[in-house]
Amino acid sequence: MSAPTATPAALSQARTRASESAPREYLNLIGGKWVPSRSGKSFENRNPARTSDLIGTFPDSGPEDVDSAVQAASRAFTSWRLLPAPRRGELIFRVAEILRERKEELARLMTREMGKVLAETRGDVQEAIDMAYYIAAEGRRLAGVTVPSELPNKFAMSVRQPLGVCSLITPWNFPMAIPSWKIFPALVCGNTVVIKPASDTPGSAHHLVEALVEAGVPDGVVNIVHGGGSTVGIPLVTHPDVKMISFTGSSDVGKTIAERSAKTLKRVSLELGGKNAQIVMEDADLDLAVEGALWGAFGTTGQRCTATSRLIVMKEIHDEVLRRLRERASKLRLGDGLEPGSEVGPLINRAQRDRVHSYVEIGKAEGATLVLGGAPADQGALGEGAFYPPTIFDGVKPTMRIAQEEIFGPVLSVITVSSLEEAIQVLNGTPFGLSSSIYTRDVNRAMRAVRDIEAGITYVNGPTIGAEVQLPFGGVKETGNGHREGGPTVIDAFTEWKSVYIDYSGRLQKAQIDR
Ligand code: UN1
């Protein structure tokens, strides 16, 4: 009889348990080598559900580390750009397979460093897997346009070319999905990258880069430099050899990046803040609308750029919607995302918890009615983390700061309206335009909303969260600068067009003149 063999899932869980106990020293990846910061400085990564839990230390890097990484990426670009795109795609496909095998282990590690509950971190890893499969196939497309020439014996087409070294700066709320939205398309298009993940969640990006190394990515094609915004982020934006910057984060930082990169005319793709709203019409399926609002507002503890932070409700159904919402939200279980039964994890850190609470104070001072939550949850074990309960304000006026500014926490503002026109006007009345939603059974109203809402994403009878990788992702107004991640559109962000004319007439032909 042969000895029992461990299944991949069991091995993965064993590795997780081992790694959950011991803090680990993580390094930068520069030119294919794992190295500490030049200064030797490092920073800590702690579990936001239990800040006594030290996950590991990461290099606290500086401009000199950025420079080495950009140089390594520039060197690697000379050969990576010449590797046929289908081969680059095959490498990304191998990454998908590696992530799929480790999904559970990676999700657990992510919950430990970011806080969101396990079902959601599994979704985060899944989004990276989805993106890897989607983009791997793009290696056999990267389509250009081929069109007739106006002249005889002349061929006209256009091809896509890589940009060079891309700086990728990613946030902590989707610690693997968002890096994957940027790294995979950048690579399949033939670019090389330097990534700086958020210093609250450096581990998940590290694990993604490890998977790329294991899949066989050549030295220098992917580099990771850990550290802060001013010490690593800004040098990555201003470095003369960087050709493109892709950033996801706050609108304020996005504007700084746009200003700092404007002097060198670098391409900049920005995915910034949101103040997303869900409209509930009086004909809506109210159970469905309340389910959607709960998931949109309190899923990921409200820390999604697509999170629902305003609920715009028709006056006829206001009381009923609020009653059901309050009842359901008050039962959501706060807790460590690794504990079975937890439905709402902690905020990313105490500073964010303080910020959320300061918005609650602002809402009260502005005259909104607090109907649920509104104070940090620090009873018992929750006191060791950065927990904040689902919080609902009623009687919110569209111009109040809590209805205008991105809070990035579990705070929902309920606004009452009396017509679809007013609902859309209120929805559009913020500086942002990322995601939006309308619940109605009336197709005419749904189609008017789809047409008139100013946002990059509109859901009908679905919450504001839950975008899929194969459609463009991004927003209008201060949510971005016109670029889109995901979908075929992400290829536009990471390539230059080259138009190619091939004259096989054997004579000088003059466009616009010979006719
Ligand atoms: C984000 O909040 O930055 O659509 C990304 C969603 C997720 C991605 C959110 N698929 O909610």
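Buried means under 20% relative accessible area, exposed means over 50%, and partly exposed lies in between, with a 1.4 Å probe and protein chains only. This is a predicted model, in which local features need pLDDT of at least 70, side-chain atom pairs count only at pLDDT 80 or more, and totals for chains, interfaces and linings use all residues. Residues are numbered from 1 along each chain as its sequence is written, and side-chain values use heavy atoms, with hydrogens and water left out. Helices (H or I, at least four residues) and strands (E, at least two) are DSSP runs, numbered from the N terminus. Here is a friendly tour, from the whole chain down to single residues.

**The whole chain**

- The protein chain holds 16 helices and 22 strands. Its radius of gyration is 24 Å, close to the 24 Å that the globule rule gives for 515 residues, so the chain is as compact as a globular protein of that length. (The radius is taken over C-alpha atoms, and the rule is 2.2 Å times the number of residues to the power 0.38.)
- The C-alpha trace spans about 80 × 70 × 55 Å along its principal axes.
- Of the 515 residues, 56% are buried.
- Among contacts (heavy atoms within 4.5 Å) with a separation of 6 or more, 75% come from residues 24 or more positions apart.

**Helix 11**

- Helix 11 covers residues 318-330, which makes 13 residues, and reaches 18 Å from its first C-alpha to its last, close to the 18 Å expected at 1.5 Å a residue. The expected span is 1.5 Å times one less than the number of residues.
- His318, Val321, Leu322, Leu325 and Ala329 are buried in this helix. They lie on the same side of helix 11 because they cover an arc of only 95° around the axis, where the arc is that of the directions from the helix axis to the C-beta atoms.
- As background, an α-helix has 3.6 residues a turn, so residues three or four places apart point the same way.
- The packing partners of the buried residues of helix 11 are helix 10 (286-298), strand 14 (308-314), strand 15 (369-372), strand 16 (391-394) and strand 17 (411-417).

**Strand 8 and its neighbours**

- In strand 8 (residues 165-170), 6 of 6 residues are buried. Val165, Ser167 and Ile169 sit on one side, and Cys166, Leu168 and Thr170 on the other.
- Strand 8 pairs with strand 9 (residues 192-197) in the parallel sense over 6 bridges; two strands pair if DSSP finds at least two bridges between them. Ile169 has Lys196 as its bridge partner in strand 9.
- From strand 8 the chain passes through helix 6 (residues 177-188) to strand 9, in a right-handed β-α-β crossover. Right-handed means that, with the strands pointing away from the viewer, the path from the first strand over the helix to the second runs clockwise.
- Strand 8 also runs parallel to strand 11 (residues 242-248), joined by 5 bridges, and Cys166 stands opposite Met244 in strand 11.

- An open sheet of 3 strands has the order 1-5-4 and mixed pairing. Its edge strands, strand 1 (24-25) and strand 4 (42-47), each pair on one side only.
- Strand 4 and strand 5 (residues 50-59) run antiparallel and share 6 bridges; Asn45 stands opposite Gly56 in strand 5.

- Asn153 has a positive phi near 50° and is found in the loop between strand 6 (146-148) and strand 7 (154-162). Asn153 is partly exposed, at 41% relative accessibility.
- Asn461 has a positive phi of about 60°, in the loop between strand 20 (457-460) and strand 21 (476-477). Asn461 is partly exposed, at 35% relative accessibility.
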